[in-house]
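Please open the model in your viewer and keep the selection panel at hand. The tour below goes from one selection to the next.

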Amino acid sequence: MELRRLVLAGAVMLAMLPAGAEPAYAAAKSAQVQAATAQKRTQIAGAKRKLTAAAPDASGVGLDSIASQLNGNQSVPWSIVIGLTLLTLLPALLLSMTPMVRLLVVFHFLRQALGTQTAPSNQVLMGLGLMMTWFLMQPVMLQVDQQALTPYRARTISGEQALELGAAPVKTYMLRYAREKDLALFASAGMSARPKTAAELPMQVVVPAYMLSELKAGFQIGAVLFLPFLLVDLAIASITTSVGMMQLPPVVISTPVKILLFVMVDGWNLLAGSLLKSF
């Protein structure tokens with residue numbers, strides 16, 4: 001609006017001037033208009049610069065700060081990577097390096113022998129096996145904490161040394177229950193030179209040999225546990241067929257009898273005690 005007013009005023013004054021003074025006045029007026037236009041542009045550019053400078057403060061982080069943060073944090077800490085990897089491998093480690101293999105095999109044999117397909121459920125058996133595994137592995141975990149975790153937290157050893165020291169008690173535990181036959185099988189298949197002692201065997205040989213030994217021990221205990229219930233099934237089947245109850249399945253009668261017999265002898269206490277004594 002101010003620019004229009006200046007133009008109109010200039011035109012009116014130009015009309016009132018003499019003929020010889022028009023070119024000089026026109027040149028002066030043109031310079032005045034150009035100066036006003038340049039001043040407006042300067043004001044607009046200054047306002048834009050203020051908005052641009054205030055935009056990062058309003059959002060909290062500017063483009064330069066984001067770039068600097070990205071350049072400063074290009075690598076993820078190795079502790080996070082190792083921690084997430086151990087969390088994903090935790091179920092496999094529990095099943096392959098602890099007594100849980102033997103415990104779960106025996107529990108499933110017991111459920112099949114009793115004839116109860118879903119009682120106790122898999123979650124209950126897994127929880128019982130996990131708690132018994134924790135009880136049995138507590139001395140080993142204490143050794144791992146004293147030999148590896150405590151020095152690592154004190155920053156006296158590196159992470160690689162902590163892993164090596166922590167694997168030693170677990171390896172000693174597995175060698176105690178691994179059969180020599182299974183150790184020799186994996187040692188001959190994966191090692192060119194036979195070691196002098198079992199302590200020199202690597203973990204990739206000890207772990208599968210330990211799992212095979214635990215599976216064999218679990219099947220042995222399960223077979224012995226299955227025999228009394230099998231005798232009950234045979235007795236009930238012979239009684240029902242001898243009295244002419246051909247249409248009644250023997251399982252309908254034998255299952256409650258087996259459950260009653262298991263409860264009367266306090267079977268869970270006997271089974272847990274036998275499993276604990278087997279280690």
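How many residues does helix H11 have, and how far does helix H11 reach from its first C-alpha to its last? Select residues 250-264: helix H11 has 15 residues and reaches 21 Å between those two atoms, close to the 21 Å expected at 1.5 Å a residue, where the expected span is 1.5 Å times one less than the number of residues. Helices here are DSSP runs of H or I with at least four residues, strands are runs of E with at least two, and both are numbered from the N terminus.

This is a predicted model, in which local features need pLDDT of at least 70 and side-chain atom pairs count only at pLDDT 80 or more, while totals for chains, interfaces and linings use all residues. Residues are numbered from 1 along each chain as its sequence is written, and side-chain values use heavy atoms, with hydrogens and water left out.

Next, select Ser254, Thr255, Lys258 and Phe262, the buried residues of H11; buried means under 20% relative accessible area, exposed over 50%, and partly exposed in between (1.4 Å probe, protein chains only). Seen down the axis of H11, these buried residues fall within an arc of 105 degrees, so they line one face of the helix; the arc is that of the directions from the helix axis to the C-beta atoms.

Then turn to the face of H11 directed away from its buried side, which carries the exposed residues Val252, Leu260, Val263 and Met264. Just after H11, Asp266 takes a positive phi of about 55 degrees.
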